[in-house]
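Open the model in a viewer and keep the selection tool at hand. The stops below say what to select and what is there.

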Amino acid sequence: MDKSSVFKGYLIAIAALGAAIAIALYAFLRDPQEETPDKFGFGKVAGADRIKALDIDVMPDGRGLPAGTGDIRQGLIIYTEKCVSCHGNGEKVDYKLPGDALFVNQPAKKTKTIGTYWPYATTIFDYIRRAMPYNAPGSLSDQEVYHLTAYLLYANKVIPANTVINEHSLPKIVMPAKKNYVVDDREGGSDIR
Amino acid sequence: MEDKETMPDALPAKPEPVKQPESPRISRRLWLSGAVTAATVMLVRQSVGKVAPVVPSAAPEVMTPATDLAAVDPTKVIGAGPSGYGTTSLFEKPERLTSLTSSRTPLQNLYGSITPSGLHFERHHGGIPVIDPDKYELLIHGMVDRPLVFSLADLKKFPSVTRTCFIECSGNYRSGKAEMTPQEICGLTSQSEWTGVLLSTIFKEVGVQPAATWFLAEGGDAAVMTRSIPVSKGWEDAMIVYAQNGEALRPEQGYPARLLLPGWEGNTSVKWLRRIKLSDAPFMTREETSKYTEKVKDGKIRQFSFVMDARSIITFPTYPVKVQKGWIEIRGLAWSGRGKIERVEVSVDGGQSWTAAELQGPVLDKAHTVFRYLWNWKGEETRIMSRAVDETGYVQPDYETLAAARESKGGYHFNPITKWLVKNNGEVFHDSPKSDDLS
């Protein structure tokens, strides 16, 4: 073995040692917190009571509906007292109603109502309970909301007068407009839809 | 004039021909501050105290005498002192255009791409609630491993993210008149720099279950606003934001915290966010059935049209501006909910030829992008317009193309090219299609 190759061997060994030290140093000095944790432990566990107090949504399959029965005649009484001033009685008026017409006695081509535009009956219950009457939102009892829901379905000619509306029957109602609904199919690119 | 006797004797050393002030209160201040130049120590002391109320934040009384203040040589009067929270110059009065349930951003009065927080458009369904930040809570439950409640302080502890993007109401289309400003036609779009926590960070914290496909976002306002959102958007780029343009959210923008879904129709960025519920199906709330759906061809009703298609509008020169022959910098905004603006094309010959406008960089994802086009107007009557092209290759359609594709003359997600008629006398008018507003 000649001298120069021994020398080369030393050089390689030193270089390798240097690289190993550098890697070890990097691993050692690297901030141990660099990896973002999956969980931070912020926030409090939500107890069942707390969830129940806010969990007011109703889904099309009936999840979230409280037990209850709606009576069309009772609904008309409540509607006359608490809703008609803003939503009208289905007749044409020559001024703008504060709220949309919810049903029309004489169908007009353009009018969007529960009977002509809403795809699910459960939405009526969910929306009235959370937001109406506009001047006193959240003031109706579940029972009142059932009555109003029954009345509005009847006034829109979706159900006949003798229908029983409750947590089982409401999700089963097929709304006239349901068949017209399509899911958005735009996806950018050159198509105009 | 009647307030003459109340004026001090000491007048400005070299009085400018100051117009007689109309308000006695202001006139006294003006003259007093003018008296400072007469340099009696006593008067200086007196005036320092009395000059202070001339700070523009004393707005209502200072507003009318703007011209009087303007008439004073500002180098001869001590100016107003510092204030706790600054406001606009008393000569500048950009304003939102309000209706009972919305207000519109004055696009034609703004510069650059950020909308000042106080001019961000509003649309609410039950008014603006007052929410105490110390009592604020956000509940996340449903198909999660750990239902949790977060305080505002909790939300702020998470790693934060800042991003600039637009929010546009999907009902952002008005037409029908020649006398319409950009604000009236499409003022329901605004842009802010938002700061908050990524929803994906929160999703990991609560452990969203793999079977969860939709979530309900619910607001704490009188409408208890609700929208169903695909969980995928939550993982992609949704945020819960608590700050706007460097400060806490404005009340009308969801204080103390709102959802932010970049590029999606404004209503889905639920304000005053109080609850998120993970589920395996959409909830079919009123706001995604009766409203925020649009009639499309064959009598169909399109639902869950989340993304805002690319759009642009010239904001200068527009009604009611009157221009002069010569060089005019045409200015405007372009944006797309699907990503970056690739190109904006401008036509100054009624749509016969189109030229690429200059884009102000950096061009951001899902963000208002400023464009400019230098035009040497020779005085001929013509129509000027812009069209946006986004990175997916989508080209903003003209009114006829869009109306034909939809079999509709307006309504939600209606984003046609806006045309402006420039008369040979320099007057500019909205060249309005004969459409009805169906939204």
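A polar contact is a pair of N or O atoms within 3.5 Å; within protein, one of them must be able to donate a hydrogen and the other to accept it, and residues adjacent in sequence count only if both atoms are side-chain atoms. The model is a predicted one. With that rule, 31 residue pairs are in polar contact between chain A and chain B, both residues of each pair being at pLDDT 80 or more.

**Stop 1: the interface of chain A and chain B**

Colour the two chains separately and select the residues where they touch. On one side are 47 residues of chain A, in contact with 64 residues of chain B. About 4,700 Å² is buried between chain A and chain B, and carbon and sulfur atoms give 55% of that area. Now pick out A:Phe42, A:Arg186 and A:Ile192: these supply 15% of the area that chain A buries against chain B, more than any other three residues.

Which residue of chain B forms a salt bridge with A:Arg186? Show side chains and look for B:Asp309, where the closest N and O atoms of the pair are 3.0 Å apart. Across the interface of chain A and chain B there are 12 salt bridges.

Next, select strand S1 (44-45), helix H2 (48-54), helix H6 (122-131) and strand S4 (181-183) of chain A, the elements that give two or more residues to the side of chain A that touches chain B. The largest share of that side, four residues, comes from H6(A). Coloured by class, the residues of chain A that touch chain B divide into 22 nonpolar, seven polar and 18 charged.

**Stop 2: inside helix H6 of chain A**

Stay on this helix and select A:Arg130 and A:Asp126. Both lie in helix H6 of chain A, four residues apart, which is about one turn of the helix. Over all chains, the whole structure has 42 salt bridges.

**Stop 3: two helices of chain A**

Select helix H3 (residues 72-82) and helix H7 (residues 142-155) of chain A. The two pack at an angle of about 95 degrees, with their axes 7 Å apart. H3(A) and H7(A) are therefore roughly perpendicular to each other. Among the H3(A) residues that meet H7(A) are A:Ile72, A:Leu76 and A:Tyr79, while those on the H7(A) side include A:Leu148, A:Tyr151 and A:Leu152. By class, this contact has nine nonpolar, three polar and two charged residues.

**Stop 4: loops of chain B**

Move to chain B and select B:Tyr255 and B:Pro256. The peptide bond from B:Tyr255 to B:Pro256 is cis, with omega near 5 degrees. B:Pro256 sits in the loop between strand S11 (247-248) and strand S12 (258-260) of chain B.

Then go to the loop between strand S20 (358-359) and strand S21 (369-377) of chain B, where B:Pro362 is found. A cis peptide bond joins B:Gly361 and B:Pro362, with omega about -5 degrees. B:Lys366 also lies in the loop between S20 and S21 of chain B. Phi of B:Lys366 is near 50 degrees, a positive value in a residue other than glycine.

Methods
Residues numbered from 1 in each chain as written. Chains lettered and ligands numbered in written order. Predicted model: local features only at pLDDT ≥ 70, side-chain atom pairs only at ≥ 80, totals over all residues. Heavy atoms only, no water. Axes fitted to C-alpha atoms, helices over the stretch in contact; angles between N-to-C directions. Parallel < 35°, antiparallel > 145°, perpendicular 65-115°, else oblique. Contact = heavy atoms within 4.5 Å. Nonpolar A, V, L, I, M, F, W, Y, C, P; charged D, E, K, R; others polar. Buried area = accessible area lost by both parts, 1.4 Å probe. Salt bridge = Lys/Arg side-chain N within 4 Å of Asp/Glu carboxyl O.
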